[in-house]
Structures are given as structure tokens and as C-alpha cells.
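Have the viewer open and follow along.

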Amino acid sequence: MATKLPENRAESVFADYKPAYQTPQALAEANRCLYCQDAPCIGACPTGINIPEFIRKIATGNLRGSARTIFDSNILGMSCARVCPVEVLCVGDCVYNRMDQPPIQIGKLQRYATDLAFESGWQFYEAGPDSGKKVALIGAGPASLACAHRLRRFGHACTIFEKRDVIGGLNAFGVAPYKMKADRAIEEAEWVLGIGGIEVKTGIEVGVDVSFSQLERDYDAVFVGIGLGPDRHLGVPGEELEGVYGAVDFIEAIKLEPASFEGVRRAVVVGGGNTAVDCVREAIGLGLGEVTMVYRGTEAKMSGYAHEWKAAKIDGARAIWRRHPIAYEGDGGRVTGVRVAVLDDDKQPIPGREELIGADLVLVAVGQSRLLDLLKLDGVRMDSRRILTDADGATGRPGVFAGGDLANGAKEVVNAVAEGRDAAVAIHAYLTEA
Amino acid sequence: MPDLTTNCAGITSPNPFWLASAPPANSGAQVMRAFDTGWGGAVWKTLGQPIQNVSSRFGGLHYRGTRAIGFNNIELITDRPLEVNFKEIYEVKKRFPKHAVVVSLMVETEQEWHDIIKRSVDAGADGLELNFGCPHGMCERGMGSAVGQEPTVNERITAWAVKYSSVPVLVKLTPNVSDIVPHGLAAQRGGAAGVSLINTIKSIIGVDIDRLVPEPRVSGASTNGGYCGAAVKPIALHMVAALARDPMFNLPISGIGGIANWRDAVEFIALGSSSVQVCTEVMLRGYRIVEDMIEGLEGYMRDKGFERLDQLVGRAVPAFSEWGDLDLNYETVAKIDADKCIGCHLCVVACDDGAHQCIHNDPNGSFVPVVDESECVGCNLCQIVCPVPGCITMAEVDNGFAPATWNEHLYEDAVLRPKKGAH
């Protein structure tokens with residue numbers, strides 16, 4: 001079942017942006033933790049990891065216990081340690097910030113404990129006694145993995161349907177490579193599956209290869225964790241030119257495959273969200289010459305995290321604010337530039353103001369489409385952005401639950417894990433009541 | 001500039017900072033380097049019949065990431081030939097006539113004491129220190145703490161030394177006794193010019209839990225060692241103060257035990273020490289620490305208006321009281337400075353689990369805890385755990401009761417305030 005990725009993937013050129021702690025660093029940082037009571041960092045973690053407890057266990061050398069404390073709340077704690085925007089979550093709420101002292105580097109400590117657990121092959125959980133119930137999970141990303149793992153602890157049989165050949169979801173093919181490489185995410189997914197009793201059917205797209213109603217007939221409950229759809233594009237002339245890519249497509253390509261960027265001297269990233277900032281930093285890391293972010297708003301209004309954009313600027317990124325593409329221009333079928341309208345403060349084009357920004361590569365990071373069609377079913381509520389669920393993932397259609405980007409409108413991996421885990425508890429209640 | 005000139009039991013030095021008898025004062029080259037760095041005196045590593053040492057010899061007590069807050073050793077007295085030691089003592093004194101060179105001694109018979117004292121004085125020793133304290137290795141041979149634990153033996157050997165010595169004799173006391181006072185008095189009866197304390201505390205510093213062998217490990221075993229370092233300071237301070245306040249005891253004291261900086265030195269001096277001896281912190285950080293010790297002590301004396309060191313000696317002794325003479329009507333409560341509080345709630349959990357359950361989460365939802373002053377017993381625990389300097393203070397409460405001690409209550413019917421937190 002293990003998916004072998006090629007060794008010479010484009011992402012392999014990246015080093016870790018936040019290098020792993022060596023033991024002396026981890027001990028020094030762990031000993032600095034105040035071990036707060038009712039610690040704010042716990043409240044800031046979507047999965048509610050008992051952070052002071054796992055840090056104290058690092059300090060005392062109880063590393064197995066430290067890892068278990070993390071995994072008890074977050075079975076994907078190893079990748080979350082790398083990919084979480086800790087600056088706006090746990091680390092951002094560390095009480096040391098309130099006394100103008102450097103906050104505890106919780107992500108690095110979590111990585112220290114979970115990497116060790118992972119590399120040591122520690123398994124902490126056993127499947128519960130067979131309940132006789134079967135649950136289908138759609139998508140093999142963080143939400144489904146967390147859900148399936150928790151369901152197995154309750155003893156329910158799980159089958160994950162994944163349309164790709166690769167498991168791990170966005171953790172495998174969407175995470176910036178200077179945070180985590182694809183193979184690590186896949187290995188982690190396999191480690192999660194190590195609890196046993198989770199069948200993974202890759203290459204099967206629900207709605208195409210098997211119908212949703214078939215799953216509802218064959219299984220006692222269904223969890224939908226299919227994330228978001230393909231990149232959106234702006235619908236401007238020239239999108240078909242070679243060298244114009246959707247951001248998610250581009251990131252997936254560099255994470256899973258070798259890539260050549262010969263002849264690319266200037267890259268333009270369209271957008272101002274976190275995917276755009278990721279693309280900027282990845283393009284710089286790949287050595288794609290001059291990398292420019294083109295965003296219709298201002299630096300103050302961009303939705304990408306300030307700490308990520310700051311890091312991108314340190315990497316050498318530049319941005320052109322209040323510009324919006326109106327066409328991609330090319331030569332011989334290859335893109336050569338982005339024609340942009342200059343916008344006013346209300347993001348409206350200023351008449352007669354256009355510019356041409358030279359580009360050999362254009363990455364369009366203006367959002368992803370939604371995969372709502374699969375769940376256009378009686379009882380399922382949705383708006384234009386997401387499936388609407390209860391806090392525990394129930395969709396309103398009996399036996400159908402959802403979590404992750406599909407249900408939260410696109411948040412972090414850690415949110416998907418929390419939602420998958422909590423949905424498992426709700427599914428267990430659904431399967432065992434009456 | 002305050003005058004740090006020191007006179008402890010007739011032994012004078014430019015400042016009160018002496019190297020204790022230990023590895024940092026093992027050789028002439030070391031002691032000269034220490035004096036060059038600023039140390040005022042040195043008590044030479046104990047001379048006696050040179051011994052054979054083991055490896056390893058030292059162990060550290062590490063706590064929450066801080067290395068060696070406590071330390072122990074199973075090293076014995078000098079392993080160098082006596083004639084080499086005496087030659088080096090002579091050379092040091094020749095180069096540093098104003099610095100204190102005290103020679104620590106440990107031998108068995110009266111004749112041996114006679115001989116070694118004569119040689120020490122001939123070499124130029126400014127004083128002698130009788131090692132009646134070493135709690136490992138030597139005591140099993142009838143020396144060290146085996147002497148210090150028996151007041152009659154202590155007194156007899158002290159008397160020998162005093163008889164044969166033309167320089168002041170200090171007796172170094174062991175803390176491995178239930179009450180230090182009879183031992184100090186024994187030295188006084190024997191004619192000692194002063195005492196130095198504490199020597200190290202009999203200890204096992206830790207256990208190697210992989211090998212299940214105590215530390216420091218010598219092949220497959222270990223032995224009890226002498227505990228020292230910052231962690232022993234409270235024990236040493238108490239023993240120094242217990243002697244200093246005893247009405248029968250009137251010898252000068254050279255204070256030893258966990259002195260790591262000038263603040264520690266001020267504490268020892270204030271509780272009755274007229275010089276202080278340092279070993280562990282030098283072993284951990286080197287002779288160079290003395291610059292800050294001198295500067296810090298001078299700064300403190302200048303700030304507090306002390307011109308000479310002897311004005312500070314023993315100044316805190318009168319305030320070292322018996323429990324029965326403490327004012328039971330003195331009342332404090334904890335106050336939390338909301339502007340400084342960072343919301344770690346360490347005070348809440350400490351008070352809840354370890355004290356009197358009177359600090360609570362704010363019912364209005366702020367992260368600043370609330371002290372129930374009607375229940376607060378003023379124990380200080382919250383202030384001790386609070387990581388923010390000055391955030392929690394213990395505020396005095398005017399409860400309207402006149403001061404009253406337990407003894408006054410017992411014998412004079414003094415009125416005590418109602419107890420708090422005792423329900």
C-alpha cells in the first residue's frame with residue numbers, strides 16, 4: 001500500500017524553515033515553560049493538546065509520555081507540529097508574550113516529541129473490540145485519518161475511499177515543502193493506519209467509481225472529508241498559455257514530481273492569501289529568479305498570515321499591491337507577462353490605468369472551487385462555501401458526517417484533525433444509541 | 001569606598017572572600033592565580049598523609065534545566081607530597097604577604113598533629129583549619145567528621161593543635177550532627193580562635209537509573225559523599241546563625257556552604273560570619289567570579305551605609321528568633337498586581353493544591369486571579385511560584401490586634417487574632 005514517491009521531487013531542494021531541535025535545545029526550551037494552570041496555549045489549539053503537560057514530560061525525559069499526551073488529542077500531532085501556524089495559535093497565546101519575553105516554541109517541542117515517537121515506531125493505541133459496525137470515510141486527508149483512527153479505538157470497521165493514489169490529502173501534496181515533505185506526510189498517514197482495521201481504497205472516486213448512495217447502503221455511517229476542489233481561475237484571456245498554473249496544482253506538482261523550471265526568470269503569484277504566500281516562498285526556494293506577488297488589496301488587508309509574509313519578504317519576495325490581472329500575455333504559446341488593472345482603495349479599476357508585469361511563470365492563488373455536489377442530498381445543509389454541520393460534524397442527514405475544509409470552508413490541518421476526531425465521537429454515539 | 005579588610009579570628013585578608021579547602025586550593029599555582037584574580041584568602045586543601053583517590057569523584061544535582069544546583073564529592077584530602085605542598089605555601093606567602101593562607105589539616109595522633117602544625121607554621125601559614133568535617137573516606141579512618149561528631153574528641157584534638165600552633169586555629173565543623181552548638185562549644189573549650197562551617201553534608205547525590213548504581217559511579221559502585229553547592233546554603237545559614245546567637249558561644253565564624261555570589265556572602269556575614277569561604281561555585285565557574293563578589297559586596301555596603309565589614313557582621317542575628325517569640329498577630333495577605341499578571345495561574349494551582357484554596361479564577365473572566373483576602377493566611381506560596389517580579393506582594397493588614405507571641409500568649413495571656421483558613 002505504501003506509495004513510493006520519486007526521490008528527485010522538486011520539493012527535495014527545500015530545507016526546513018524551522019529546523020528540528022536537538023536534545024539540548026529541546027531541554028532548554030522545555031525547562032523554560034512555566035507549566036501554566038489553565039494554560040492559554042491549550043485553548044488556542046483547535047485540538048486542545050495539553051501543551052504544558054507534554055512539555056513537562058520532555059523536560060523530565062518522559063518522551064514516550066510526552067508523545068502520548070500529544071497524540072491523545074491530535075493523532076496527526078507530528079505534521080501539525082510542522083505545519084500549524086503556531087504564531088497565531090498556541091505560541092501566540094503563550095503567557096510569556098504578556099511579559100515581553102520570547103514565547104515557548106511549542107511547535108518545535110511538539111515536533112521533537114512526535115518525531116521521536118514516529119522514528120521509534122511507538123504505537124500508543126489499540127483498536128477497540130469489534131463493534132460489528134462499518135463506517136465509510138471519503139478522502140484520505142487529515143480529517144478522515146483522525147476520524148478513522150478514533151473510530152477504530154471505538155471498534156468500528158473503517159474503509160477510506162481516496163480518489164488519488166496518494167494518501168495523506170493536503171498534508172501530502174499541499175503543505176509547503178519547507179514545512180514538511182510529502183513522503184513524511186504519507187509515512188505519518190501510514191503510521192496512523194497502524195492501529196489496524198482501516199481499509200484504504202485508493203484510486204476510487206466516490207460519485208464516479210462508486211455512488212454515495214451505495215456507500216450509505218453498504219455502511220452504517222459515512223464521513224465526508226474531501227476537502228476543496230481544483231484551483232479557481234479568474235476567467236481572463238490567456239489562461240491557457242503554457243506557464244500559467246493554479247497554485248494548488250503547482251504545489252502538488254513540485255511536491256510529488258520532479259520539475260524543470262528552465263527559462264523561468266520571473267514568477268508572478270496572483271493573490272494575497274496563505275496559498276499565495278506559500279507559492280511565493282516556494283518559487284523563491286526553487287530559485288525562480290524574481291518573484292512578485294500581485295494582490296488586489298493592500299499589505300494591511302491581505303489574508304495571508306503576517307508572519308508568513310514577513311518570512312517571504314526576508315526570503316526576497318516583493319509585492320505589487322492594488323493590481324488585478326486582466327489578461328495573461330504570451331509569445332508562441334508561452335506566457336510572457338501579466339497585464340494588470342490598477343485598483344483604487346475599493347479594489348475598483350482606475351480607468352485607463354493598466355500595467356504589464358513581465359512573467360515566465362504565473363501562479364494563480366485566488367482560491368479553490370468547492371466540492372459540494374456530492375452532498376446535494378436530502379437533509380444536508382450547505383451554503384456556497386461549505387457543508388453546514390453541527391459542532392460534532394453531523395450534516396443533518398442521518399448517518400452522514402463531514403469535517404475538514406469541506407465543512408469549515410478551508411482552515412488549517414489542525415482544524416481538520418479536530419473535526420474528524422470529534423465527528424468520530426458523534427458517529428460512535430450515532431452507531432451505539434438505540 | 002567601603003573597606004573590605006577582613007579579620008577573622010586574627011587572620012587578616014584584603015577582603016572576606018577565601019577559597020575553601022578543596023580542589024580550587026590544591027596547589028600553589030592555583031592559589032596564586034586565585035589571589036591574582038582577587039581572592040582575599042585561601043584555605044589550602046587539607047594536608048595529611050597523602051591519599052589515593054578514585055575516579056569518578058564528583059556528582060551534580062540538576063534541576064529544571066539548571067546544572068549543579070547541588071554538588072557532591074567523594075574526593076579525599078591532598079594526594080600530593082607534603083613537602084611539595086609546604087614549599088608552595090611558602091612561595092605563595094612570599095608573593096602574597098597580605099593575603100590569608102590558612103592550612104587545613106587532618107592527621108590522627110598527637111605526634112602527627114605536632115609535626116604537621118610545625119611544618120605548616122614554618123611554611124608561613126597565617127592560620128590553621130582543623131578538618132573535623134569531612135564526611136566520606138577519612139571518617140571511616142577515625143578522622144574528619146568522626147572527630148567533629150564527638151565533642152570530647154573535638155575538644156581534645158583542638159587543644160593539641162592550639163598547644164602546638166603559634167598561629168590562630170580554626171575548627172571546621174561538620175553539619176552531620178543534630179545540633180551544631182555543642183560542637184562549636186567543644187572547639188571553644190579546646191581553645192580554638194574560631195570555627196568555620198559548614199563542611200559538606202553526608203549524601204548520595206543521585207542514582208544512575210540505567211545501571212542502578214548511585215553516583216558518582218566508581219566502576220560498579222559508589223559511596224556516600226559530601227554535599228555542597230547552592231542547595232546547601234539554607235542549612236549552612238542556619239548552623240552559622242545558631243552558633244552566632246548562642247550566648248555561650250563567642251568565637252569568630254568563617255562561613256561556608258553554598259556561597260555563590262555576593263548576596264549569599266552578605267547573608268552569611270549578616271548572620272555572623274566574619275569571612276566567607278567558597279568552593280563549589282569556583283569549581284563550576286572559576287576564580288573569576290570573585291570580581292563580582294567584591295564589587296557586589298562593596299556596592300551593597302555603600303548603598304546601606306556600612307563603611308567597614310565588621311559593621312555588617314552579625315547584624316541579622318538578633319532577628320533570628322525562636323518560633324515562640326514571633327508575633328502571631330502580624331498579618332499579611334497576597335496582592336496581585338493586575339497590570340503585571342500574565343495569567344499563568346501558577347498561584348491559583350499552588351494555592352489550591354498546596355496552600356489554603358484562597359486564590360481563584362476571576363469570576364468575571366479576566367485572566368488575573370482573585371485573592372480571597374478573608375481566607376488568605378499570608379503564607380507566601382503564591383509569591384514564590386509567581387514568575388513575574390513584583391507581581392504578587394504580601395501586604396500587611398492592620399487587624400487591630402496588638403503584637404502577641406505564642407510565649408506571651410502562654411505565659412501572659414496575650415490575646416491572639418482569630419485563626420484564618422483553619423476550618
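Start with chain B, which splits into domain 1 (6-319) and domain 2 (324-412); domain bounds here come from an automatic or database domain assignment. The centres of these two domains of chain B, taken over C-alpha atoms, sit 39 Å apart.

Before going on, some housekeeping. This is a predicted model, where local features need pLDDT of at least 70, side-chain atom pairs count only at pLDDT 80 or more, and totals for chains, interfaces and linings use all residues. Residues are numbered from 1 along each chain as its sequence is written, chains are lettered from A and ligands numbered from 1 in the order in which they are written, and side-chain values use heavy atoms, with hydrogens and water left out.

Chain A is assigned domain 1 (17-120), domain 2 (134-229 + 370-432) and domain 3 (244-364). Between the centres of domain 1 and domain 2 of chain A there are 26 Å, again over C-alpha atoms. Across that pair, 22 residues of domain 1 of chain A are in contact (heavy atoms within 4.5 Å) with 21 residues of domain 2 of chain A.

Helix H3 (residues 51-60) of chain A packs against helix H6 (residues 106-120) of chain A at about 60 degrees, with the axes 10 Å apart. Axes are lines fitted to C-alpha atoms, for helices over the stretch in contact, and angles run from 0 to 180 degrees between N-to-C directions. So H3(A) is oblique to H6(A), given that angles under 35 degrees count as roughly parallel, over 145 as roughly antiparallel, 65 to 115 as roughly perpendicular and the rest as oblique. Who meets whom? From H3(A) come A:Ile51, A:Phe54, A:Ile55 and A:Ile58, and they meet A:Ile106, A:Leu109, A:Gln110, A:Tyr112 and A:Ala113 of H6(A).

Back in chain B, look at B:Ser165, in the loop between helix H5 (151-164) and strand E9 (169-172). B:Ser165 is buried (under 20% relative accessible area; exposed is over 50%, partly exposed in between, with a 1.4 Å probe and protein chains only), at 14%. Beyond neighbours within four places in sequence, B:Ser165 is in contact with B:Ile117, B:Val121 and B:Leu128.

Finally, B:Ala414 lies in the segment after helix H13 (406-412) of chain B. B:Ala414 is buried too, with a relative accessible area of 18%. Not counting residues up to four places away in sequence, B:Ala414 touches B:Ala404, B:Glu408 and B:His409.

Notes:
Helix = DSSP H or I, 4+ residues; strand = E, 2+ residues; numbered from the N terminus.
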